Amino acid sequence: MADTQPNSSLSLLHDSPSVVSIAVDKIYVRPQYRQNFDHVPELAENIRQNGLQQPIVVFKNKREDGYIYELVSGESRLRAMKLLERGKISASLRPAPTNELERVTLQLSENIQRSDLTHLEIALAADDLRMTF
């Protein structure tokens with residue numbers, strides 16, 4: 001049987017995540033690279049009409065402030081679900097990173113792939129990685 005424990009940040013990106021339904025108020029949102037959320041009301045209306053098409057991505061991270069999960073990607077979808085006053089959201093549950101480099105790598109890999117990030121947001125992400133390591 002293959003070892004399912006992540007051995008590096010690369011394995012975190014390729015392990016098959018499970019999709020779970022979690023309470024929106026149990027998700028900690030670390031400051032993300034996206035800065036403009038003007039599109040969230042339109043996204044909320046689309047979700048209201050068509051449902052959530054793609055789960056957000058989280059990992060377990062029990063915190064003293066009561067949050068149980070930490071958001072990796074999908075802040076716009078999470079904000080839209082909160083705007084719709086939905087109590088739960090589908091989330092792809094990833095293995096928790098074992099160190100800060102893995103956390104930043106996971107967050108960046110999920111978010112940098114989006115073509116709708118502005119050049120400034122990409123630059124902020126790169127600067128964050130540079131300053132952290």
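In the predicted model, the axes of helices α2 and α3 approach to within 8 Å and cross at roughly 70 degrees. Since crossing angles of 65 to 115 degrees count as roughly perpendicular, α2 and α3 are therefore roughly perpendicular to each other. On the α2 side, the contact is formed by V40, P41, L43, A44 and I47, which meet S76, R77, R79, A80, M81 and L83 of α3. By residue class, this contact of α2 with α3 comprises eight nonpolar, one polar and two charged residues.

Helix α3 spans residues 75-83, and its buried residues are E75, S76, R77, L78, A80 and M81. Helix α2 (40-50) is one of the elements covering these buried residues. The cover also includes the strands β2 (27-28), β3 (56-60), β4 (69-73) and β5 (88-94). Just after α3, E85 adopts a positive phi of about 60 degrees.

These elements belong to a protein with five helices and five strands. The protein has 133 residues, of which 35% count as buried. Among contacts with a separation of 6 or more, 79% are accounted for by residues 24 or more positions apart.

Note on methods:
Residues are numbered from 1 along each chain as its sequence is written. This is a predicted model: local features need pLDDT of at least 70, side-chain atom pairs count only at pLDDT 80 or more; totals for chains, interfaces and linings use all residues. Side-chain values use heavy atoms; hydrogens and water are left out. Helices (H or I, at least four residues) and strands (E, at least two) are DSSP runs, numbered from the N terminus. Buried means under 20% relative accessible area, exposed over 50%, partly exposed in between (1.4 Å probe, protein chains only). Contact means heavy atoms within 4.5 Å. Axes are lines fitted to C-alpha atoms, for helices over the stretch in contact, and angles run from 0 to 180 degrees between N-to-C directions. Angles under 35 degrees count as roughly parallel, over 145 as roughly antiparallel, 65 to 115 as roughly perpendicular and the rest as oblique. Ala, Val, Leu, Ile, Met, Phe, Trp, Tyr, Cys and Pro count as nonpolar, Asp, Glu, Lys and Arg as charged, and the others, Gly among them, as polar.
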